[in-house]
Amino acid sequence: MADDEARDKAEREWIFKHFNANGDGKISSSELGDALKALGSKIDTDDDGFISFQEFTDFALANRGLVKDVAKIF
């Protein structure tokens, strides 16, 4: 159990550091936007600048936990 908690914390810290590009310990709306753009570019597999339903579905199936967590926000 402690190993899982330590692993979860390390993962959250790693993700936070990637979002917090300037390293000030806070994620600005600009940094969040940049992170979402980077994620979008990974989902947009045909590089047309848009995420089609098929691209979204492929991503969702490959990342079920992430998509489930994001869905909780809405």
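1. With which residue does R7 form a salt bridge, and how far apart are the closest N and O atoms? In this predicted model, the partner of R7 is D4, and the closest N and O atoms of the pair are 3.0 Å apart. The separation qualifies because a salt bridge requires a side-chain nitrogen of Lys or Arg within 4 Å of a carboxyl oxygen of Asp or Glu.

2. The placement of this pair in sequence deserves a remark. R7 and D4 belong to helix 1, which spans residues 2-19, and they are 3 residues apart, so about one helical turn separates them. R7 is exposed, its relative accessible area being 53%. D4, by contrast, is partly exposed, at 39% relative accessibility.

3. In total, the structure holds 3 salt bridges. Another of them links E13 to K9, with the closest N and O atoms 3.8 Å apart. E13 and K9 also lie in helix 1; they are 4 residues apart, so the separation is again about one helical turn. E13 is partly exposed, with a relative accessible area of 39%, and K9 is likewise partly exposed, with a value of 46%.

4. A further salt bridge joins K72 and D69, where the closest N and O atoms are 3.7 Å apart. This pair is found in helix 4 (residues 64-73); K72 and D69 are 3 residues apart, and about one helical turn therefore lies between them. K72 is exposed, having a relative accessible area of 63%, whereas D69 is partly exposed, at 46%.

5. E55 is buried, yet no salt bridge is formed by it. The nearest side chain of opposite charge belongs to K42, and that side chain is 14 Å away.

6. What does the side chain of E55 reach? The side chain extends to the backbone nitrogen of D46, at 3.0 Å. D46 is also among the residues that E55 touches once those up to four places away in sequence are set aside.

Note on methods:
Residues numbered from 1 in each chain as written. Predicted model: local features only at pLDDT ≥ 70, side-chain atom pairs only at ≥ 80, totals over all residues. Heavy atoms only, no water. Buried < 20%, exposed > 50% of the residue type's maximum accessible area, 1.4 Å probe, protein only. Lys, Arg positive; Asp, Glu negative; His and termini not counted. Polar contact = N/O pair within 3.5 Å; in protein donor to acceptor, adjacent residues only side chain to side chain. Contact = heavy atoms within 4.5 Å. Helix = DSSP H or I, 4+ residues; strand = E, 2+ residues; numbered from the N terminus.
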